[in-house]
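The sequence and the model are shown first, and the description follows.

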Amino acid sequence: MVDLVDVIDKRIGEVRFDTIDLSFGEIASLYKNAELVIQPEYQRLFRWSDDQKSRLVESILLELPIPQIFVIENESGVLELIDGLQRVSSVIQFMDAPSLKLPPLVLSGCDLVPELNGIDFETLPLKLRLQLRRSAVRTVIIKRQSQSFLRYEMFKRLNTGGSSLSHQEVRNCSARMLDEGTKFYEFIQRLASSDNYKSTTSSISTTDLDQKGDEELVLRYLALKNSMGTYRGSVKDWLDGYMEDVMFQKVAFDYANEEAEFKALFKFIDECMADTAFVKWRNSQPIGSLAPAYFEAVTAGFRQQFQKLQKADKGAIRAAVAKGVESPAFKSFTGPGANSRPKLDGRIAVIANTLGKL
């Protein structure tokens, strides 16, 4: 029988870390001297409103408890902030906005000390400026000797459940904890920035694009192509699992071949459909923004019939896709329960069969 105490004892210490108190003045200096890196891929600077940023400053001045932050030590000894960006960037913006290339923060929304509203750092009394700079936040430094898998898991767990990050943002950031993860993440970014892909997915909503929805669609395409058999109905779990299989090299992944196939497919889809490829159709007219269920069905259908379609008329291909997604059969595989495996298989089959008749 497994000795759980022994198992846990062996895992303890695999993540090496130090816990220290850093003042916000020290943090600002580390950032200014490039000894602390705030990666924009981790979290977006603009997610907090000025009122939220201001209330944080108010809390620090009132000496209220501030949650700890996490940094990771890279191979050069430079620290990378992986949790707490909103807190750190808010204070740095207030104390030294130019270093973040942001406008000065003028306090607003302070409700415990409303007299702070309308104040910027320069007009704050000297005593309070020094108090803010000297106020400390508990900082956990994850050492570079830690096992990469546990560093990855730590970031993922810090940023799921109650987090404002999208699923794809968490995947992207977690990937940076691993060498192979960084390679795969940059690969996804490169595919997402390719011209034909951007053209065919240009109807994606601004909200989805802001939350890296374009990159998640690339991951969906790869998972659909290479790991359909692992799909069980939860898109998040499926994409998480496939990405981890690639990053931990549990499955083979030929970067050169995958990129060549991706670009050839989306070039052809772009030539046939342009920005109407993955939207709904009504009365033979495209409507609305990109729908992930349509993206899956159309890309998979094109891929299955790719060789045959090379000889088909592009106008006929466009008409066939429109006919397919407008059909009652296709619609029966969307809507409620669309993420079930039978419905995913069903809508792909409708598009593949429609294109196969050309």
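## Terms and basis

A residue is called buried when its relative accessible area is under 20%, exposed when that area is over 50%, and partly exposed in between. The model described here is predicted.

By the buried criterion, strand S4 (residues 79–83) is mostly covered, with 5 of its 5 residues buried. S4 belongs to an open sheet of 5 strands, arranged in the order S1-S5-S3-S4-S2 with mixed pairing. The edges are taken by strand S1 (17–23) and S2; each has a single partner strand, so one side of each has no neighbour in the sheet.

The pairings can be followed strand by strand. Strand S2 (residues 36–37) pairs with S4 in the parallel sense over 2 bridges, and Val37 stands opposite Glu80 in S4. On the pairing of strand S3 (residues 69–73) with S4, the two run antiparallel and are joined by 4 bridges; here Phe70 stands opposite Asp83 in S4. S3 and S4 form a hairpin with 5 residues between them, and Gly77 in the turn has a positive phi of about 90°. S3 also pairs with strand S5 (residues 136–142), in the parallel sense and over 4 bridges. In that pairing, Val71 has Ile141 of S5 as its bridge partner.

## Helix H4 against the sheet

Helix H4 lies across S3 and S4 and runs at about 115° to S4. H4 is mostly covered, since 12 of its 12 residues are buried.

The length of H4 (residues 85–96) can be checked against expectation: at 1.5 Å a residue, its 12 residues should span 16 Å, and the end C-alpha atoms are 15 Å apart, which agrees.

In soluble globular proteins, nonpolar side chains tend to be buried together. The largest nonpolar core of this model has 59 residues, of which Phe184, Phe266 and Phe302 touch the most other members. At least two residues of this core come from each of helix H8 (179–192), helix H11 (213–226), helix H12 (235–247), helix H13 (255–273), helix H14 (292–304), helix H15 (306–309), helix H16 (314–326) and helix H18 (341–356). H13 gives the most, with 8 residues.

Which residues does Phe266 contact, leaving aside neighbours within four places in sequence? They are Asn196, Tyr197, Thr200, Tyr221, Phe278, Phe295 and Thr299. A second, separate core consists of 33 residues and includes Ile38, Ile60, Val91 and Leu100.

## Helix H16 and its cap

The 13 residues of H16 should span 18 Å at 1.5 Å a residue, and the 18 Å between the end C-alpha atoms agrees with this. Within H16, the buried residues are Ile317, Ala320, Val321, Ala322, Gly324 and Val325. They pack against H13, strand S6 (280–282), H14, H15, helix H17 (328–332) and H18.

The N-terminal end of H16 is capped by Asp313, a side-chain oxygen of which lies 3.0 Å from the backbone nitrogen of Gly315.

## Individual residues of note

Not counting residues up to four places away in sequence, Glu216 touches His167, Gln168, Arg171 and Leu239.

Most residues other than glycine have a negative phi. Asn283 has a positive phi of about 55° although it is not a glycine. Asn283 is found in the loop between S6 and strand S7 (285–287), and with a relative accessibility of 65% it counts as exposed. Ser284 is placed in the loop between S6 and S7. The phi of Ser284 is positive, near 65°, in a residue other than glycine. With a relative accessible area of 49%, Ser284 is partly exposed.

Notes
Residues are numbered from 1 along each chain as its sequence is written. This is a predicted model: local features need pLDDT of at least 70, side-chain atom pairs count only at pLDDT 80 or more; totals for chains, interfaces and linings use all residues. Side-chain values use heavy atoms; hydrogens and water are left out. A nonpolar core is a set of buried Ala, Val, Leu, Ile, Met, Phe, Trp, Tyr and Cys residues joined through side-chain atoms within 4.5 Å. Buried means under 20% relative accessible area, exposed over 50%, partly exposed in between (1.4 Å probe, protein chains only). Contact means heavy atoms within 4.5 Å. The expected span of a helix is 1.5 Å times one less than its number of residues. A polar contact is a pair of N or O atoms within 3.5 Å; within protein, one must be able to donate a hydrogen and the other to accept it, and residues adjacent in sequence count only if both atoms are side-chain atoms. Two strands pair if DSSP finds at least two bridges between them. Axes are lines fitted to C-alpha atoms, for helices over the stretch in contact, and angles run from 0 to 180 degrees between N-to-C directions.
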